[in-house]
Every structure is written in C-alpha cells, then in structure tokens.
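Here are my notes on the model you asked about. Have the structure open while you read, and start with the point below on the second residue set.

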Amino acid sequence: MRRTRDQSAKLAVLLTAGAALSLSFFARPARSAPSPQHSIDFNREIRPILSDKCWVCHGPDATNKKLRLRLDSEAAAKADLGGGRRAVVPGDPEQSELVRRINAGDDAERMPPPYSGHRLTDREKALLAEWIRQGAKWQSHWSFVTPVRPAPPPVKDQAWLRNPIDNFVLARLEREGLKPSPEADRVTLLRRVSLDVTGLPPTPAEVSAFLRDRSPRAYEKVVDRLLGSPRYGERMAFRWLDAARYADTSGYQSDRERQMWRWRDWVIEAFNRNLPYDRFVVEQLAGDLLPDATPEQRLATGFNRNHRGNSEGGIIAGEYEVEYTVDRVDTMATAFLGLTAGCARCHNHKYDPLTQREYYQFFAYFNSIPESGIHLRAGNTPPTMLSPTGEQRRQARRLETEIAALEKVLAAHETNIQRAQETWERSLAARATTQHWYPGDGLAAHYALDGDDSRFAGDTVKYQPGRIGQATEFDGETTLRAKEATTVTDATPFTLSAWIFPTAENAGAILTCAKEAEPSAETPAGEAPMGAGYGLFLAGGKLQFNLVSIWPFDAIRVETKGKLALNRWHHVLARYDGRRTKYGAAVFVDGQQQELKDAGDSLSEPYSVTRPLSIGGTFGGGGGEGKPFHGLIDEVRVYNVPLTPRQIAVLANPNPLDAIARAAGRTESDSDKLRWAFLASAAPAEIRRAWRRLSALGLQKARLEAAFPTVMVMEELAEPRPAFVLRRGSYDAPGDRVSRGVPAALPPLPEGAPDNRLGLARWLVQPSHPLTNRVAVNRFWQMLFGTGLVKTAEDFGAQGEWPSHPELLDWLAVEFREGGWNMKRLLRTVLTSATYRQSSRASAELMARDPENRLLARGPRLRLPAEMIRDQALFVSGLLVDQVGGPSVKPYQPDGLYDGLVGSGLVYRQDHGEKLYRRSLYTFWKRTIAPPSLANFDAAVRDSCAVRENRTNTPLQALNLMNDVTYVEAARALAERAMRQGGRAAEARLRLMFRLATARDPKPHESRVLAESLGAQSEEFRRDPVKAARLLGVGEKKADAGLDANELAAYAAVASLILNLDEVVTKE
Amino acid sequence: MNPVREHQFCLTRRHFLRRSAVGMAAVAALCKGDGLAADDSPPHFAPKAKRVIYLFQSGGPSQIDLFDPKPQLAEYRGQDLPASIRMGQRLTGMTANQATFPTAPSIFRFAQHGRSGAWLSELLPHTAQVADDLCFIKSMHTEQINHDPAITFMTTGFQLAGRPSIGAWVNYGLGSENENLPAFIALVSVGTGNTNDQPLYDRLWGSGFLPSKYQGVKFRAGAEAVLYLSDPPGFDSRMRRRFLDDLARLNEFKQREYADPEISTRVAQYEMAYRMQSSVPELTDLSKEPEKTFERYGPDARKPGTFAANCVLARRLAERGVRFIQLFHRGWDQHAKCPSHLANQCRDTDQPSAALIHDLKERGMLDDTLVVWGGEFGRTVYSQGRLTETDYGRDHHPRCFTVWLGGGGIKPGMTVGETDDFSYNVTRDPVEVHDLNATILHCLGIDHKRLTYKFQGRHFRLTDVHGNVIRKILS
C-alpha cells in the first residue's frame, strides 16, 4: 500500500507539473482539480498512452507477433496470463503485471522495451497506476460509438449565448477560468465571413451596406447572401478537391494531362445547389449504381477515379490495379471515416480495430471496375463517359428536337417515298449507268485519281484501270502531293478513305499529312522518324495508323492484327475522334472494323500542322518504314467528321447503284446506298429538302458531340472480381479470398443494402454510423477555425487526438444528420454562433496559454489558404474573371517551369487573356510539378487524399507575393483602379486601395506610412522614368495609358506593399 | 529542444514571447506540433558529417559497364541468360516478352585503381583518380523495377508519392546551419546520354506529410535560381529595401494590436527573402571562380545548368552551410545504344564528380561532408533489343547496382558487396535502400529509428520499419 501511496503522491506532483507546463491541456482534467482524487477518464487519458506506447505490439495486431497479452481489449488486459499473473488487476496496481513491468529497472524486463524506441514518461506511468487503482474502468473508443445529442451545458454568462454551440464553448471556458473575447468589429467580421464562405473579401459597397444595416439580423442576412452566392460552391470545392486528390494530370512519371474538370464542376454545382451531404457521399461513391442513375450521378463517381494512374513502359498491370483500388479504399476511409485504414493493407491495424482481412473486404467493393492498371499516358483511361456541359446539352437538345421533327415528316411520307424510290430503282436498273453515291456531309476533299493531275504537285504518275474509274499506280518512286494545304490538329476528328491494291507487304505510305521529321536518337531502330501529323501506312502487310505529336513519346500508333491480302482491292479507312487516346483511332478494312494492337496510346502535347495531303508516299519522312507505296490507290476521300459504321459500309460498297437495283438480294449497305442516293438526289423536292436538312443537322450534332468532354467514372463489372487478402499488401501474394463487408467494430450494413459500393455508401450515411457525420462536421469546423475539434482531421482512431470539445462535436454531428445533412444549414449555425463572431485579437497571456486557439476564447486568425491569396489579389484589383466551371486554365508561371525536369519537349503553355485571371480553383494542376505559387502557400499536392490544412510561413512566400507576375500585375491594376475611382487626392486613393484589400479604412499612422512610401517611390520613378515604364510592362494586361506612368508606378509599388501586408493575407 | 533544429519561425516566436514575458512552454507547444519529442531531437550521437551532397544519377547507371567487371562473361556472349541466374524474377514489361535474353558483356575495359585497388571501367578515368577516397557498394538492391516507383523509393523510402524526401527528413531533424539560404537545396541537370530521359518530380525533394517548410528548394539554372527571386523589372534593390521597411512598420502596428507571433515571423521571413535576393545570385555567379575551378571540373562547368556547373554550385552551397544538397542528373536510362550513350553520360559526369571530391578534400571539407553517388537501380546483363559487336541496350535491373560514398563518416578506399558472375544477383553483403538511407542519417548523427514524425496516427520514419546502418563502411 505504501508504494501506491508514493505513487499517488508522485502522480499529484506530476499532474500539477503537467498543468503548469500547459503542454497538454487536453489530456489533463480541469485546471482546478489536478489532484490524484480526480476521476481518470480512460478514453481521454489512458487509451492514448496504451495506443501510442503499447499497441504496436500488444494491440489489435498482437497475433502477428505471437503475443498473448493484448492491451486493446478489456477482457484480454485483465485476463490470466498464466500462473495467476494479470496485466491489469482492477484496484490493485501492486498486483498488476503492467505496473511492475513499466517500472522495472532491468532493461530486459522493462516495458516498452528500450529497442522499441518508445518510452513512458513518469507522468504516464503514474497515470496508468492511478487508473488501475481507481478500478481500471474501460470504455469503448469514443468515435466508434454512435453520437447522441448532448444537452447544451449550463453556463453562467447566459447573455453571451447565441446558439447551443456557444454553451459548449463557454462551459469549457468557464471551467478554464477564461472569458470569451468580445464580438469582432463589423468590418472584420464581414471580411472574415466573406472569405470563409466565398473565398473572396467583401467589396467596399458590401462593407458600407453592412455598416448601414442596423437591423438586429443584419449579420444573419449577410450570411444568407454569402451562402447563396455561386462563389460559395467554388470556395467549398477547393477543399474537397484536396480530399478527392483531384488534378489535371495522371501523376506518375511523365504525368500527362487528363480531363476530370467535368467532375470538378459537378462538385461546385453540388455545393451550390446544397446537395445534402448523405447524397453527396452516396453519389460520389456509387452514383453509377443508383437505380436509374442520371448522367450527373454517374459523373459524380469521378471521385473514385481521381487517383493517380501509371503508364510507364514496363509496369505490370496487376500491380497498379491493386494500387488504384488501395487508393480508393484509403481515400474513402480518410475522407468519410476519418480512419487510417491504409495501415491495415499489410497487417492488422496496430491501433484501431481493423483487421487486414477487413481491409480487403473494403477493397472488394472497389476492385470490380473494368480498368487496366496501365493507364493511358495522356487523356482519360476507360471507363469514361461523355459529359456535355449544360450549354452543350441545351444545344444538343435543340438539334435532337429538330431532327426528331424532320424524321417524323419523313416517316409520315414513308409509303410515298418507298413508292417513288421503287419507280426510280426501276429506271436505274434499266439504264446501266455505273453511278455511285457516297456520303457528302463533312467531306473535305475527294481525289478520284481518274487521270487528272492538275490538283497535285509532285511526281507525274501513271494511271491504270481502278476500282472505280482509273487508279494511280505507285511504283515505290512516286508520290502525289495535293496543291492546297490542310490543317490537322490533335483535336480535329477526321475520316480517311481509299481503295488500295497493294503489291508488296511493305507497301508504305498510303495517306499522310505530317510535318517533315527530324531524325533523333530516340527513334526506334529500323524505323523512319515521324513528324507531327497523321499517316496511314501498309507495313508488313498490316495497316498502321499513326497520330503523332512527338515521335515516339507522344503518339497514338495502332496496327491491325491481321494482314491484308496482296494483289487485290481493299477498301481501307482510318477514323480519329479527336480525343487524343488510342480508343479514338479506328481502322476499317472493306467496311469491317479491325482489331488493333497499339504501340503508342495517347497524345498529350497539342499540335497543329498545315501541310498538303500526300498520297502514296511521304515528304521528308512521315512514318512507318518511310517507304513510298507499291501498288494502286483509288478514290481518296478525306472527311472532317468521324463517319458512322453504316456510312463507312456504304463507302466500302463497290457496287454501282444500278447493279444494286438489279440484284436479287441486298445487303444493309446496298439498301443504305440506294436509299440515301435516292433521298439526296432523286426524291421529290420537299423530301429532298427535308433529307438535306436532316443530314446537315446530323453533321452538326456529330460535330457537337465530338466536342463533348469526357470524364473518367466508375462502372461495375457484371461479375465482381475476386478479392483476396494480399500478404504484406503485395499484389502478387494473394492469401485468403474475401467477400465484401464492413469492419466488425462498426455498425453492420443496413438491412437490405445491396452487396456493392452502393450498399457501402448507404452504410456510411445510415443514422447509426458513428463516424461519417462527426468527420464531416469536424472538417467544416477546421475550415473555419483552422483546427478541427479533432485536430487530427484524418484520424479519429485511437492515435487521433482527443477532441477539444467532444460534446460540441457530437452535438454538431447529430444536428447535421438530423437536419437532413444540410451543409449550408450547418455552416449557418456555426457562422452565426457567438463563438465564431469573437474578435481574434488575443492578449499575450491568452496566446501563450492557448497558442492554437483550441479553447476558442477568441475568433480565428489564420493566414489565408493558397488559393484565396491569389483570388483575393485578382478580385480587389478588378482582374478576376468571374466564370464558374470549364476546362482548367494555365495562368502565369515562371518561364521554363518544366525545364530540366521533363524531356520530350514538353513545356508549360501559358494561356492568355481571360484565362490568366480565373479563380485558382481552375488552375491547371500538374501533380509532379504543382503550380509553385499555390504550392508555396501550403496547397495540398494532390497525390493522395489530404484533409488536414497546413500553414507555414516561409521566405519563399515573401518572394512569391513580392515578385510573381500575378501579384505585380494585380498591384498595378489595383493602383489603376484607385487612381480612376479614388478621386484626385493621394490620400483618398491610398485609402481606397487599402479598403479594397483590408475592407477597413487605414488608421492615421498607417496612412502616414502609406503616404511616405508613395512619396519615396514616386521620387524614385521621377528620377528614372524608364523604371516606371518597365514596372508597368509587367503582365499581359496593358497599363492604362491615360494615367501618368510615373505616378501609376508609384501607386503600384504601394499597392504591392498593401497586398503583402500580413493583415491582407490573413483572415482576422 | 535542439537549438539547431529550431526553425527561423520558432526563433522569432521565442523572441516575441520573451518580450511578452511568457514562459517557454508556449513556445515549445507552438514549435513542437506533431514533431519530435524533445528527448528525441537529433543529433542522437556525435555526427561525423555536417552536411550531405547527394549526386543522384537518375535513370539507373549500368553497374556492369562502370563498376562491376565480369571478364568471364565474354564466353557467354550472345548466349541466353541462364535460368539459374534469372531464377524467374520479374522483368519489366519492356523486355518480359523478349524471345531471348542474350548475355551482353561490357565492351569497356576495366582496371584497378589506387592503393585500394578499386575496379573501374575506362569510362570513369577521373573517378579512378579519387578511388582511394571512396567507398563502393556493389551490392545495392531495390524492390522497384520502374523509374517512378524506384526513384521515389530511393529518395523517400517508399515507392508511392506522399512521404518526405531524405533531405526533408534531415532538414526536419537538424534544421539549418545558415541564415541566408534554405537548408535543403535541389539542383537538376540532364546529360547527353539520353536527353529525353525520365522526368523528375517535385516530390523527390518534397516534404510529403512534413510541414512544407522542410521541403527542398529547387535551384534553377540561369538568372533566377529560386522562383520569384528577382524583383520585378523597374524595381531595384534600394526600392525593395524601402518597401520592406515600410512593410515592417505597417506589420508592426498590427503586431502591437494582435499578439499573434505569425506577424513577427512574417516580418522575419521577408528579411530572409531579402537576404536570399543577394545571397543566391552571389552564390550562383561562378564568374569569380578561379580558372583552376574550370580546369578541375571541366569546361561544362561554365555552362549553367550542367552537371559540372551544379557540382561547383554544390561545393559553394556546402561552403555556405547548406545542410543537404542534392543534385539530380538525368540521362542514365540506356535501353538502347548503351555503349555510345553511356560514354556520353560519363563524359558529362565523371570529371565533375571526381573534381568535387578533390575540391572538398583540398578545402578540408571532405571530412565533414558526406558525398553520395548513385541512381535508383542498375541495368540488366542481357541485351534489350539486338546485341551486336558494338551495341546493346540494357533494361532496368533492381537486383544489384552500385553506389559510392565518400567523406564524412565513411571509410575511404574500400569496396563492399559482391554479385554473381552475371552481375545479376547479390552474393555477398546485400545492402538495401533503407540501409543506405539509415547510413546517411547515421553519418549526420541521426538514429534513423528515432527520427520520426507522427502522421495519421503512426510514427513514420524515413526507413519505415527497416534499415540497418552499414557498420563496416563507417570510419
């Protein structure tokens, strides 16, 4: 007993010391009661010690170490370990093996063992002993227990309360002997809430309006206005993109472009229309599996395809299929469950009740997608969907309506048409005209090659009887080159069609339109180099179709699997959909689509080539074996649309119309050819007009659809792929087969939930789930206050930090769920609380007592996130282009951003005009070289799911804000704005600049510094006006020539000063 | 708390809080974050090296043509690689479907050099001259067979993106030794061996889950070595000084109103930025280097952005107290035309690498500077593509490769590790990537098991749960 008393005394000292140190005020009880008599709370005080110091061995994964003692379960910890020894004997520290071992003097005895790298502090040892003395009460881990709405605690200062949030916060403050801070002044509060809700500061007009509105609900009205702004969705989306690891590139190795921006726009829209969070979760995880899924719901599943994708030559598909699935599981776990599930990939989780087997049960939900581990180097890897924008959908609907109407007209006349066509066919049959008909819409060029050389430069050629009329003979020496040049780009769809009669297997180039090639060291042995452009070749008897940006790194190259028979006519056709992936390259022989194998899979760097079409050979290279063609070529047609299979069959149909009309039986292409020929040329005038219009509309629709963006989405295989426990997490070490399921420590799947991702998603949002709502509200809290109520926003497990206000967290979580998962409503509740509205001014004492503001005795004062710093500068200077959504843009970046890092001539191609001034949400995000001006300010890099906000303060940020073109130009634009709108007096102009940036008026001493600064910089520019001209030349937007250059430069210098102020880059 | 590790911003906070007459506890709380417990702060023991210059050879240098002679291979020339050697190990998708795996002995001559008798190929005549200062590890092996995961593994200890790089770990553990430059600087270059070689990624010098202040700052060739370093056109240094003074005055008003230490930190960081504006151009301006420098490092050293120029810069950075200097040199990926491309690549790198050793030694800095030279894996003994009298290609080979180390903490003039007759499998003293990284940290006085950072509930470290310091190469 004496020892216990000693320990108690020691504990008292240590606990007091702990309180004085103020290092861990979450782990200690209320300041007023640091005595051994305080009742120790297992979850708050003991579990963290056991988890951090003991569970690595004696935790959920103890079986792996073949250890009998487990300290993660009450029964095991208190069980007989043999010989009557028990680790924990409630009420009796002396008999507890745990206490003996942690205090053992002998290294071999002492726990944790020295080699583990873990050590218990004296205070921790004392706490463990005291906890046992008090009866070793056990509790379930708090975050695994479904939250129930706690009653708001009573407080003394009732007057301060605005809503229940404040009860929880104030109760804690009163316990700590602290007082909340007074409400922030109105201007500061308006700027804070505007930045928090829309990511942009208030305009001077908004400030004035708010100051004028003396109604008691003035602030609430502002909150509602801000939540209704389309900028709200953009602001919220940025953080979600971090969690969803959204980017515009694939993230591995050459890290080329993909297009996921339609998904990004879905996110913005979902926030703006206030999609309830439960649906937000379900649609992103399993929108494709919802009954009658809408295109929007399918689009939402892009969430699960934002992971990185590897295309490096030589990777093993199976390995990366596992990596992608793992990424989906880990992202789901971090973003929705707040659990570090990834630990259980290789072994049972060391700290949380998640076995390796359970990990792979999660895995089994996400591996049944028809996706290859080898991604395309550029572009979207299937499964993908077409995802027209709202405007494109409207246009398509208009076209479809008109097409349907015309089709109805034709259908109404079908009997008449048929009768007229039969009459026409009879006359055809009688005439023997050898007439043909081919699709004419979208036809860019037609070379009949019937003996007329006038349209060609290049060699003189011989003509032979051809497939239709004459054909050109190519003997390996000759090439025809069209006189007029055509422009082809990587984004232009086209169809190439010709008849060929090859006489040799390596017959060479059929049709090419490409730049002269420069031989390079990288050209594979035995191949001629290729310039940018396209080419259709016969090589080794196979048709080869190449689309090249940079050969061989950046190209699509497909080849038919089968060979063409020699010395006979074939119709050959190559089609490209303009979407830059191998899936858009098709080859048809005699009207039949061919199976292809590919050597190059996608295009990344854009090209635009203006060259004449070459027939039968290439000029200065251009591909394949580089050899001119041997044999005959006839009837070359180039379309600037991708033709349909039926149109292609008609093109490949060699039968003249009269022959078809006479023949006893007809193929589909025979019938099409006749019908279309009749409708186009021989039908009654009214029908002809309708047909022409219909055909023109069809072309318009095809072109419109060719421009529809695609997005990578989820699809479920009809038969789920088997899933296995992977030993050590390795793709090639499958163990036991597992089925889908959820961890035993969490609630079971809801009744009747389907056995797929949809069931999993519904499980996440069922009312009894203890994590989903807590994790979500915590993230919102973090967004506003800088730190979550649970600081470890990514980890609600045993190793996560104990919540600063557990009851507040639960209250918010229940409020959120019961309020219909209404995100705007939840935010509104927080934003209108007295807690949020406090001034962020802190005394030095409070700052020292609570540097991270975990007690919430003041409002948040935080450096703005990366995107807001840039957006604010663009906004206050009037440069910001306010357009929601659309493809990502490439604003200013330092010259040569990719230099030295990537080969293959890949460069950052900066955009111009409006695209320079879009919100940072739309900035093109290359994962391996993230936009430096955002990365400098701690933006997440988007390699993997990130939910924790991070803020550092570095010299690179200073350089960035002072010298980046973006900010220099914004400063100048701000100066122009002040000079134009701020009146004539310097003081008024300076005041306007200051107000735009800070929302408030400068104080007299601040005005004085600004004025002195303006004076000093004016002096510099007056002395050397060349400097002014140079400074004003920064940025693509021309300086206002109507303003005095020296004066403008000086104001620009002061504007830059203002944009660099701590207050300006800070939310106060 | 370790005074060396204290970052600038902690210092500022400390000053601020002292002024405010508040105890150290708050400072500790502010600066500690999720980081190291005070008693785990490095150095954990006396360091041998104060800094590291890591000459990373990206792409996978061919050990079999450079460091690991196999004269007996001549008789196997053109024969299929014996199955007993390959042992069914996985190959990359680039050669896995090759019909044959013809053995391709190196066409380069090897000789022994120095008192230590290190074997080196004729492609490395300059390295040969400093062989006695170096320690060659011929038994390195890795788990990764493709560039992205392999280079990520070498530099961060994990094959997927997201972990801190070795330089970031060192920066986090030891902090800066100077006040004018970042503690971790990366330099990139590409050789003539394969100008379209593998790309590099920011993550190779990134901070992963560590706070971003620990990440490496990449210096670029040319006028603006650090992004956004130069004042805008028309804005000179005097104006910038005035600007900073005015900015500080305004920020100090704010500081008086709010007790937020971030404000004074920001003022301090602007001053550091200002110092960098002069220290970096001075640093990267090689014009005042004596002629001897260029003779020693070779003529390329005059061309900014070359490996040679970066080696000179590395020495200058080391002189200025930069803790971790990492050069990334691309161009070692010789899938085809290995002999000619490799010769080019060595011409770019051999002389400056050796010159750096020589130079550091002459200045008395080699004793406390650890120099590391190596890539992410080796290359196959069998030819990728056609084997001819004068030509062969080599695919990626993870099962053995060579790195060398020299300087602070490393025993000079020794070779460890052996491979089989085909330079295919390690037969003696295998060294894994985590061992190498543990050893680098060890030389800096860091116990790799104790340099940890808590993230997602786990105490992460550079070497994960692996790594053994290579004791026999320690001096």
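1. Beyond its neighbours within four places in sequence, A:Met993 is in contact (heavy atoms within 4.5 Å) with A:Leu974, A:Ala975, A:Ala978, A:Tyr1051, A:Val1054, A:Ala1055 and A:Ile1058. Bear in mind that this is a predicted model, where local features need pLDDT of at least 70, side-chain atom pairs count only at pLDDT 80 or more, and totals for chains, interfaces and linings use all residues. Residues are numbered from 1 along each chain as its sequence is written, chains are lettered from A and ligands numbered from 1 in the order in which they are written, and side-chain values use heavy atoms, with hydrogens and water left out.

2. Now the cores. A nonpolar core here is a set of buried Ala, Val, Leu, Ile, Met, Phe, Trp, Tyr and Cys residues joined through side-chain atoms within 4.5 Å; buried is under 20% relative accessible area, exposed over 50% and partly exposed in between, with a 1.4 Å probe and protein chains only. The largest has 135 residues, and A:Met993, B:Leu55 and B:Phe219 have the most contacts inside it. Helix 34 of chain A (residues 1045–1059) gives the most to this core, eleven residues. A second, separate core has 131 residues, including A:Val187 and A:Ala776.

3. Next, A:Leu1014, which sits in helix 32 (residues 1004–1023) of chain A. Helices (H or I, at least four residues) and strands (E, at least two) are DSSP runs numbered from the N terminus. A:Leu1014 has a relative accessible area of 8%, so it is buried. Setting aside neighbours within four places in sequence, its contacts are A:Ala986, A:Leu990, A:Ala1050, A:Tyr1051 and A:Val1054.

4. Take a look at helix 27 (residues 866–876) and helix 30 (residues 965–981) of chain A, which pack at an angle of about 30 degrees with axes 8 Å apart. Axes are lines fitted to C-alpha atoms, for helices over the stretch in contact, and angles run from 0 to 180 degrees between N-to-C directions. The two helices are therefore roughly parallel (under 35 degrees; over 145 is roughly antiparallel, 65 to 115 roughly perpendicular, the rest oblique). Residues meeting there include A:Ile869 and A:Phe875 from helix 27, and A:Tyr967 and A:Leu974 from helix 30.

5. Finally, chain A as a whole: 34 helices and 22 strands. Its C-alpha trace spans about 120 × 85 × 65 Å along the principal axes. Of its 1068 residues, 61% count as buried.
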